[in-house]
Amino acid sequence: SAPRSQSFAESIVFAPFSNFSNAMALLLRNSRQLLVNLRFSSQVQQAFRYCHVGIIAAKEPFQVEVVEGKKYSWCKRGLSKKQPFCDGRHKATPIRPIRFVAEQSSTEVFLCGCKQTGSPPYCDGTHATESVQSADIHT
């Protein structure tokens, strides 16, 4: 039998970071027209159910000051206007913020800005990779 072609929703999920950001921007700009098509809407919902990659908010880490014992919520999705912290804009997605308590006070804590880190919420240098540096930044 012939190989199955990839649906648009699947192509969003498996696209490189820059294509994913572009697809998100397209969806947000044209959401009213696109959601009229129920099949397309269903495909998009399925894609986001399995998508756990945040949108690139910055191509470098955020240096922040933390206070010992204080609770913080790091934006994992990349949509917050208060980067690197959560402002609740993730609520329409399956991705939730990473909550943490500062173990000690410091002015030199580096939180991930690209949202691709392997050690959230902290920067692990992933922002320096070609895939992140060549990607579009969510604005």
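Mentor: A residue counts as buried under 20% relative accessible area, exposed over 50%, and partly exposed in between (1.4 Å probe, protein chains only). The model is predicted, so local features need pLDDT of at least 70 and side-chain atom pairs pLDDT 80 or more, while totals for chains, interfaces and linings use all residues. Residues are numbered from 1 along each chain as its sequence is written, and side-chain values use heavy atoms, without hydrogens and water.

Trainee: In what order do the elements of the protein chain run from the N terminus on?

Mentor: Helices (H or I, at least four residues) and strands (E, at least two) are DSSP runs, numbered from the N terminus. The protein chain has five helices and four strands. From the N terminus on, the order is α-α-α-α-β-β-β-β-α.

Trainee: What share of the 139 residues in the protein chain is buried?

Mentor: The limit stated at the start applies, under 20% relative accessible area. Of the 139 residues in the protein chain, the buried share is 38%.

Trainee: Which residue forms a salt bridge with Asp-87?

Mentor: A salt bridge needs a side-chain nitrogen of Lys or Arg within 4 Å of a carboxyl oxygen of Asp or Glu. The search of the whole structure finds one. In that pair the closest N and O atoms are 2.8 Å apart, and the partner of Asp-87 is Arg-89.

Trainee: What is omega for the cis peptide bond that joins Pro-120 and Pro-121?

Mentor: Pro-121 lies in the loop between strand S4 (106-111) and helix H5 (130-133). The cis bond joining Pro-120 and Pro-121 has an omega of about 10°.

Trainee: Where is Lys-115, and what is its relative accessible area?

Mentor: Most residues other than glycine have a negative phi. Lys-115 instead has a positive phi, near 65°. Lys-115 is in the loop between S4 and H5. Lys-115 is buried, because its relative accessible area is 6%.
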